[in-house]
Every structure is written in C-alpha cells, then in structure tokens.
Amino acid sequence: MTPSQVDARLVGNDPAGAYRLLTLHAPAVAGAAEPGQFVALAVGGPDSALLLRRSFALYTADPDQGLIGIVVAEHGAGTAWLVRAPVGTTLDVVGPLGRPFRLPSAPCPAVLVAGGYGSAPMFELGRRLRALGGAVHLVLGAAAAPRLFGLAEATDVADSVTVRTDDGSAGRRGLVTDGLGELIERTRARQVYACGPMAMLQAVAEVSAACGIPAQVAVEESMACGIGVCMTCVLPVVGADGRSRMVRSCAEGPVFDADRVRWKDVGTLPADVLGAEAMGWH
Amino acid sequence: MALTSTAVDLATVLAGVALPNPVLTASGCAAAGRELAPYLDPAELGAVVTKSVMLRARSGRATPRMAETPSGMLNSIGLQGPGIEAFLADDLPWLAARGARAVVSIAGGSVAEFAELAGRLAGAPGLALIEANISCPNVASRGQVFACDPAAAADVVAAVTAAADVPVLAKLSPDVTDIVSIARACVAAGAAGLSMVNTLLGMVIDTDSLRPVLAGITGGLSGPAIRPVAVRCVWQVHQALPEVPILGMGGIRSGRDALQFLLAGASAVSVGTAVFHDPSAPARVLRELRADLARLGFTRVSGVVGLAHRDGGR
C-alpha cells in the first residue's frame with residue numbers, strides 16, 4: 001500500500017513496563033498497514049533541531065477506529081521528546097512503510113520470536129496466523145521483566161508462550177534461542193518469524209536453518225529518512241540471482257528472509273558485494 | 001496592497017534553462033524522485049536533482065553511514081548507486097514519463113569518467129541540466145576533491161561541458177579558502193552555472209565506544225546547521241560574478257530559508273536534508289516561498305535574485 005504523510009493526533013501515551021505505548025489517530029496509516037511494517041515520526045516539533053525521523057514497528061493498526069499504536073523506548077533526545085509528548089500533540093507521521101511479514105499460503109504452525117519491544121508487531125501477526133488456522137508459539141525475551149513488552153496479551157494471540165530473561169526476573173533465565181530448536185521440533189513449526197536486535201536475529205536465523213525451516217526477520221537498522229532516499233540503513237543481502245547487494249532495510253525490508261542476510265558481514269563492506277570493487281579507486 | 005498568491009510568477013531561468021519555479025530537490029536527498037512520489041508530484045517542482053550517478057554500479061561504504069548532529073547530520077554514503085546504464089534505463093525514463101525535469105548529478109573518479117558520463121547522457125529524455133559533482137567529500141581522497149583546486153575543477157568542467165548537450169552546473173565545496181577563485185575557474189572553463197554548496201567535511205566521535213561514529217570516519221555535514229555558510233558562499237560568488245547563475249542549497253527548510261538564497265544571488269534553490277525530516281518539504285517550501293513573495297509584494301522571482309546586494313532594503 002502507498003504510504004501517507006499525515007498529521008496524527010496523539011490520543012494515548014501510556015506506560016508499558018520500561019516503554020511507552022503511544023496511540024495515534026492516523027486513519028490513512030491504520031487502513032493500509034500490515035504486520036511488520038513501520039512508521040517514521042518527526043520529533044521535536046516544527047522547528048526541531050533533530051532532523052532525522054524515528055522509525056517504529058506498528059504494534060496495532062485499527063482501520064475501524066483509525067488508530068495506530070507504537071512502542072517507544074527512551075534512549076536519546078528524540079525518543080525522550082516523544083515519550084513526554086502530551087495527549088493531544090500533533091505528530092507528523094509517515095507510513096505504513098516497508099515490506100510486511102509474508103503470511104503462509106496454507107495454515108501451518110509457526111514460532112514467533114521477539115526480543116524486548118521487538119515483540120510489537122508479533123501480536124497482530126499472531127492473530128493473522130491463527131485466523132488462517134495455524135498454531136502460534138510465541139517466544140519473548142528481554143534483559144529483565146520490565147523490558148518484556150506485551151506479556152499480558154501474549155496468551156491471547158499464541159497457543160504457547162515461552163519467556164526468557166537475562167536475569168531470570170521473568171520466565172526462565174536465558175536467551176530466546178535457548179530451547180528454540182526443541183520448540184520448533186516439538187510444535188512441528190514450518191515457519192519462524194522474528195523481530196529484535198541484530199545479534200538475536202542472527203542467532204534465530206542459525207537455529208531456524210539448523211531445523212531446516214525458513215525464518216522471516218524484521219531488522220532494526222538505524223534510518224535517517226525511512227522512505228528509501230538516504231541510503232543509510234543498508235545491509236548486505238543476497239538476491240535471488242545470487243549476487244549480494246547493499247540493500248535498504250526501509251524499502252527492501254525491514255522484513256527479510258533470514259537466509260538472505262549476510263549476518264556476519266553486517267556493518268562491513270564485503271568484497272563480493274555488487275559495486276564494492278568500485279570503492280577502491282575513488 | 002494585498003496580493004493574492006496567484007499574482008506571483010514563480011518562473012525562473014537557471015543557466016539558460018526555463019523552469020516553472022525555483023525549488024528543486026538536492027542531489028543525494030531525493031534518490032531519482034520515485035521514492036518521493038507518495039508525498040509530492042515531482043513534475044510540480046522546478047526540477048528533480050538526482051543522486052550522483054557514476055559509470056559503474058557502486059556499493060557505497062560500510063555502516064554506520066549516518067550521524068545526527070545539532071540541526072544537521074553527517075553522511076558517509078560513498079555514492080552508492082546503480083551506475084549510468086541502469087540509471088538511463090530505469091530512473092530517467094520514470095521522471096520523463098511524469099513530466100518532471102531532471103538535473104542529473106554526475107560523479108567520476110577522473111576527468112575522462114566525468115566526460116564519458118556527460119556523453120552518455122546526451123539526448124536522454126527529460127534531461128534539463130547536468131550538475132557535475134566535483135565536491136563530494138565521501139571519496140577515497142577525502143579533502144582532495146576536484147572542487148578544492150581551481151585547475152582540477154576547470155579540467156572537469158571543460159571536459160563535461162564539451163561532452164554535454166545541455167548546460168552544466170559545477171557543484172562547489174564550501175571547504176575552500178577562497179570559493180570565488182574556484183567559481184571563476186569553473187565559469188572560465190564553461191560552466192553555465194554553479195551549485196552551491198555541497199556538504200562540509202565533519203566528524204563525530206562516540207564517547208561510549210571512544211571511536212568515530214561513522215564507518216567512513218568522516219562525513220559530509222548538511223542541514224540547517226550549515227545554512228549560514230551556504231548563504232555566505234552564494235553571497236560572495238554573486239558579488240564577484242553577478243552574471244553567473246547560481247543554484248543555491250545548504251540547510252533550506254522553509255520558504256524563508258529559500259528566500260535568503262535568492263536574496264543572496266541564487267536563481268533557484270535545492271531542498272536537500274529537509275526531505276529526510278519532511279518528505280514533502282520541497283513542495284511545502286515552494287508554497288511557502290510563493291506566500292512569502294506575495295506578502296513582500298514581489299510579483300516575479302527575478303525581482304528578488306541578488307536583491308540583498310543592492311541599496312534600498314527595508
């Protein structure tokens with residue numbers, strides 16, 4: 001669906017553990033969004049000295065009420081402004097952006113893995129997968145209990161919920177990948193979906209590959225524009241033709257087939273990427 | 001006297017090319033126009049200035065490529081692009097089919113490459129002007145860009161002008177001691193106009209990792225933070241070379257920002273980094289500029305070009 005740029009009214013700004021859940025009235029965005037897509041928000045008001053948009057995966061998109069929800073973690077001046085924005089604030093929102101998670105053509109069991117507030121898109125995805133008739137098994141992980149997002153809602157969208165925290169403050173101590181292979185085997189899952197930090201996605205990709213099932217991952221690369229013009233959010237990805245390219249996570253992603261991403265090379269310029277040889281001489 | 005906005009004639013002439021209005025995109029900030037189509041009509045702008053294209057496909061640098069700075073940003077993309085062949089096959093026809101005018105930015109590693117690029121563009125549909133990017137800081141030689149040396153800049157401009165079938169703009173760097181001497185050299189070599197300015201070379205160090213933020217270590221600084229530098233450059237060159245057409249850019253975010261550049265001597269402006277903040281910024285700047293000109297009682301763009309240099313300000 002074509003994205004829109006809209007003035008969206010902030011209608012809710014609520015605590016959610018270590019995060020804030022922001023609810024915005026943005027009918028054009030809500031009516032077009034699919035799980036895995038994101039929105040890019042301008043921060044700081046019209047004369048802001050913070051020029052770059054902040055991108056957030058959509059947590060909810062309700063076309064009937066025209067509302068969208070995003071989960072915001074405060075970790076800089078831009079998100080600090082956002083989490084303190086009073087209800088009634090008008091926010092400049094662009095979206096929905098990026099390619100969503102692809103749903104299977106036939107019902108099948110799926111495992112959904114999320115780290116921190118990377119769980120945001122997983123709840124709507126879980127509902128859609130269950131509506132198709134497939135079982136959904138959700139794995140949520142975080143450093144500590146307050147950094148798990150959506151735990152209370154998890155059982156509503158999933159047939160089983162597994163929780164892991166680094167410090168053991170919720171669920172079992174450990175990583176989301178601990179026992180993931182066994183979960184995939186036991187549930188006869190045919191598809192893995194994941195969203196979270198890059199290191200977690202890489203680990204999930206490795207477990208999925210070892211189990212012989214595909215994984216779709218939504219990456220979190222830093223973006224300046226979110227709309228495909230700035231070329232800052234690139235990562236090395238293998239194309240259908242076997243060639244690796246530096247591709248934009250905002251436009252060609254954020255959802256990628258995990259086996260196409262060159263995880264070990266993210267943040268580098270591999271010599272065999274298309275056009276890498278042209279970098280040496282100029 | 002109250003003038004309606006329709007009373008302002010926004011048409012301008014840039015380096016001999018008639019444009020319906022003086023607001024363009026900026027190279028590297030609008031790709032080749034397609035990504036902005038959901039937010040504005042590229043045909044309604046003065047022209048779309050496309051991201052610098054090179055002869056061959058180019059990967060660009062490793063990440064991180066970007067750092068936000070006060071009222072600006074650093075970028076270290078490294079001219080990622082598909083190469084001239086794909087650009088001619090995919091990008092330029094898309095703009096032409098929508099009735100948009102294209103100012104094609106070209107970048108080469110040598111004089112010969114610049115000339116070959118200009119030759120490949122000859123006869124291309126929708127091509128209005130060529131912008132020779134002799135000042136991109138994100139190249140292997142960093143500060144040693146063509147635009148930092150009058151003779152090197154002139155060599156490129158002469159070769160591009162000879163090979164091109166449209167007027168050529170030379171894009172200048174503000175990172176020079178005397179921008180007027182570079183401007184003179186480019187004009188003497190055949191540049192029909194000047195694009196001013198490219199980014200300033202900058203750097204940010206991460207105080208947690210204790211290392212440079214950018215994988216490329218240094219990057220080009222853009223955004224409103226550099227606007228006063230850019231306005232100064234346009235002012236100095238227009239003062240020295242009042243007959244030379246200038247496409248002004250550097251931190252333009254509003255109609256009033258654009259008006260500053262026109263008053264300093266630019267015939268048209270490019271809206272660049274503001275697009276990252278607001279993808280419809282070029283169309284908005286155009287609306288605001290129209291309203292500002294009407295409010296000030298001007299009926300034509302040409303009436304304000306360079307006006308700040310003349311007596312009789314209010």
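Predicted model: local features only at pLDDT ≥ 70, side-chain atom pairs only at ≥ 80, totals over all residues.
Let me start with chain A as a whole. It has 6 helices and 15 strands. Its C-alpha trace spans about 55 × 50 × 40 Å along the principal axes. How does the radius of gyration of chain A fit a compact globule? For 282 residues, such a globule would come out near 19 Å; chain A has 19 Å, so the two agree. Of those 282 residues, 53% count as buried. Now contacts in chain A with a separation of 6 or more: 64% of them are between residues 24 or more positions apart.

Next, the barrel. Chain A holds a closed barrel of 6 strands. The order is β1-β2-β5-β4-β3-β6, and the pairing is antiparallel. Ignoring direction, neighbouring strands are turned by 45° against each other on average. Take one pair. Strand β3, residues 38-41, meets strand β6, residues 90-97, through 3 bridges. These two strands of chain A run antiparallel.

The peptide bond between A:Gly95 and A:Pro96 is cis, with omega about -5°. In general, most peptide bonds are trans.

Now the contact between the chains. Chain A gives 34 residues and chain B gives 37. On the chain A side, β1 (4-16) and β6 each supply at least two residues. What classes of residue make up that side of chain A? There are 22 nonpolar, 10 polar and 2 charged residues.

Over to chain B, and helix α2, residues 111-121. Its buried residues include B:Phe114, B:Ala115, B:Leu117, B:Ala118 and B:Leu121. Looking down the axis of α2(B), the buried residues fall within an arc of 160°, so they line one face of the helix. What do they pack against? In chain B, the partners are β4 (48-53), α1 (84-97), β7 (102-106), β8 (127-133) and α3 (150-163). After α2(B) comes B:Gly123, with a positive phi near 80°.

Chain B also has an open sheet of 4 strands, in the order β5-β6-β14-β11. Pairing is antiparallel here. The edges are β5 (66-69) and β11 (200-202), each of which pairs on one side only. From one strand to the next, the twist averages 35°. At one end of the order, β11(B) pairs with β14, residues 219-222, over 3 bridges. In that pair, B:Leu200 stands opposite B:Leu221.

Last, some backbone spots in the loops of chain B. The peptide bond from B:Thr63 to B:Pro64 is cis, with omega near 0°. B:Pro64 lies in the loop between β4 and β5.

Then two positive phi values. Most residues other than glycine have a negative phi. B:Ser71 is not a glycine, yet its phi is positive, about 50°. It is in the loop between β5 and β6 (72-75) of chain B. Is B:Ser71 buried or partly exposed? It has 18 C-beta neighbours inside 10 Å, so it counts as partly exposed. B:Ile217 has a positive phi too, near 70°. This residue is in the loop between β13 (211-212) and β14 of chain B. With 14 C-beta neighbours inside 10 Å, B:Ile217 also counts as partly exposed.

That is the tour. Thanks.

Definitions and conventions:
Residues numbered from 1 in each chain as written. Chains lettered and ligands numbered in written order. Pairing = 2+ DSSP bridges. Axes fitted to C-alpha atoms, helices over the stretch in contact; angles between N-to-C directions. Contact = placed C-beta atoms within 7 Å. Nonpolar A, V, L, I, M, F, W, Y, C, P; charged D, E, K, R; others polar. Buried ≥ 20, exposed ≤ 12 C-beta atoms within 10 Å, placed from the backbone. Arc of directions from axis to C-beta. Rg over C-alpha atoms; globule rule 2.2 N^0.38 Å.
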